[in-house]
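Please keep the sequence and the structure at hand while reading.

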Amino acid sequence: MDEINWHVASAVALLAINLRYIAYCHRLWERHFKNRVHRSHPTSPSNGGRPSVTPEERKLQAVATSTRRPSIVAAVTDRRLGGQSLAARRPPSPPHLKDRSVRRATIVSPRPGAKRIFDRAYESAAEMLYDPAPAEKRRLCTETQGTLDMDHVHVPFVDFLWGMYFLAPNGVVLWATGIAVLKVKKLLRRLGLWRAAAYDPDALIAELLLESFQAMHYTCQRVTDDGRRLANFSFTRFPYLEHGVFKVSCLFTVCVDLDRRRFVKATLSDEALSAREALILVYFNAITADHVKIHAFSNWAANIEQQEDPFLYRMSLISIMYNFFGHSLFPKICGAWESLGVCEHSLADVRKVFRHGVREGVSSHAQVGELAQDSNIVSFVIKVRNKFLNAFQRHRDDFLGIDGEALFVGTVVHSLDHQVLEWLLPDPLWMEPETLPKRFRAMAEVSRLVRVGFVPEPPLQLFRKRMRDAPGPFYRTVYAHAARIDKRLADHMDACIAK
């Protein structure tokens, strides 16, 4: 009898905990999702085509006219570190596409036998999300959206609850265990029982710029008199934290020796930086302002208004939920860390960095192809992108309401961005706030916490997400091609945003 009573009490307690959790999830959904609209609604930020890239000349001109410092104007107009003007160079041709229409939002028609109505008059103008009945036609508008938006797509409560059960706990386990291990390592190092692996900041920042998606900030290169090839990376309107306070520098530049793969010099506005300082700035930008752009683009690759493809539905839902976690919940997590003493610096302005990154959009980066011979990740992405977009064109009927370029960014680019940032910084203790000027320590701290708690793979995810395991000929074609180029990278390509 006592054993039965114990089981009954345990079941009642478990039920009560779940009911309270469901009630909490419902309040969260009402606060963040209830008043949102689907992508098919005219007021949705992703109702139109994805925003176009911003010509870098426009940003450079804005920087040059917004400052009176001669050194910055010279760096912008003359590319003093790179040796040539961007406007004077002719960017390399984009990868060959068998069908040029894949560059635009793909217009799709229904598969044969599909039970939905398709108005052929819209075929050359807008994408269809789905058409269950003539009176309920749902289409995307023809206009290109002006700005990105990371977190805005509506999700029904039942799907939101699924995400809170099967996605959120995995993330909590990851950052809780990651931070706990980090704290133990820091304690052991303080006691002299643990020694961080040695590293060379001059070499590490070069690898970070060449072998991560920070390579998109490459502008030009020149050959010195002694035969060295120097590459310049420029970040216009660069957001960062100074003493934990949000700041924007008109120009941040880094120069790297391509042959020796080592740091040469860097400047923030017109102030010279050391390799350690530049490393923190680049890594912080990779995990904040640049990474949120990828998340924002993925909204144009999500369609939960169709019910015909369960896998696409689930991948779309997961991407939308992780956009919500990153945009709406991560700043609150930073506040909780501060309250619990996990971090020593205020991270409240991280949200402002996110907003700035999304608002700035993506600059044109066609010239990054010049790094293909020096960067494995650049070479891989260029080759896979070409195959990806051509395969998408062939199978576009299977991806209603999906933009091919946005799908590439939200799958291949996002998953590899996480993976290479983990590989390039194997020991988070390399991000040592104590070795930096006080004004940069908040960025080092948040970079270290994100590296252990959000960059790695969440544990125990109970769903298929790898492109190698995804159903359908499109995913198989893309993975097979990528695996022939670099299987290690191909094996880490996801079919959605799942980190």
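## Helices H6 and H7

The model considered here is a predicted one. In this model helix H6 (residues 201–210) packs on helix H7 (residues 275–287) at an angle of about 25°, with the two axes 9 Å apart. H6 and H7 are therefore roughly parallel to each other.

The crossing of H6 with H7 is left-handed. On the H6 side the contact is made by Pro-201, Asp-202, Leu-204, Ile-205, Leu-208 and Leu-209, and on the H7 side by Ala-275, Arg-276, Ala-278, Leu-279, Val-282 and Tyr-283. By residue class, this contact holds 10 nonpolar residues and two charged ones, with no polar residue.

## Helix H5 and its two partners

Helix H4 (residues 157–166) packs against H5 at an angle of about 30°, and their axes lie 3 Å apart. H4 and H5 are therefore roughly parallel to each other. In this pairing Gly-163, Met-164, Tyr-165 and Phe-166 of H4 meet Ala-168, Pro-169 and Asn-170 of H5. The residues of the contact comprise five nonpolar and two polar ones, and no charged residue is present.

H5 also packs with H13, where the axes come within 7 Å and cross at roughly 125°. That angle makes H5 oblique to H13, and the crossing is right-handed. From H5, the residues Leu-174, Trp-175, Gly-178, Ile-179, Leu-182 and Lys-186 meet Arg-448, Leu-449, Val-452 and Gly-453 of H13. This contact divides into six nonpolar, two polar and two charged residues.

## The second largest pocket

Which residues lie closest to the centre of the second largest pocket? The space in this pocket amounts to about 690 Å³, and of the 31 residues that line it, Phe-325, Gly-326, Phe-330, Ile-333 and Phe-454 are the closest to its centre. Two or more lining residues come from each of helix H1 (2–32), helix H5 (168–190), helix H8 (291–297), H9, H12 and helix H13 (441–453).

H9 provides the largest share of the pocket lining, with seven residues. In terms of residue class, the lining of the second largest pocket is made up of 23 nonpolar, six polar and two charged residues.

## The second largest cavity

Rolling a probe the size of a water molecule over the atoms shows where empty space is left.

The lining of the second largest cavity divides into seven nonpolar and five polar residues, with no charged residue, whereas the lining of the second largest pocket includes two charged residues. H9 is also the element that gives the largest share of the lining of that pocket.

Methods. Residues numbered from 1 in each chain as written. Predicted model: local features only at pLDDT ≥ 70, side-chain atom pairs only at ≥ 80, totals over all residues. Heavy atoms only, no water. Nonpolar A, V, L, I, M, F, W, Y, C, P; charged D, E, K, R; others polar. 1 Å grid on protein atoms, 1.4 Å probe; cavity = no way out; pocket = protein on both sides within 12 Å on 5 of 7 lines; lining within 4 Å. Points joined across faces, edges and corners; volume = space filled by probe spheres on them. Helix = DSSP H or I, 4+ residues; strand = E, 2+ residues; numbered from the N terminus. Axes fitted to C-alpha atoms, helices over the stretch in contact; angles between N-to-C directions. Parallel < 35°, antiparallel > 145°, perpendicular 65-115°, else oblique. Left-handed = near helix turned anticlockwise from the far one by under 90°. Contact = heavy atoms within 4.5 Å.
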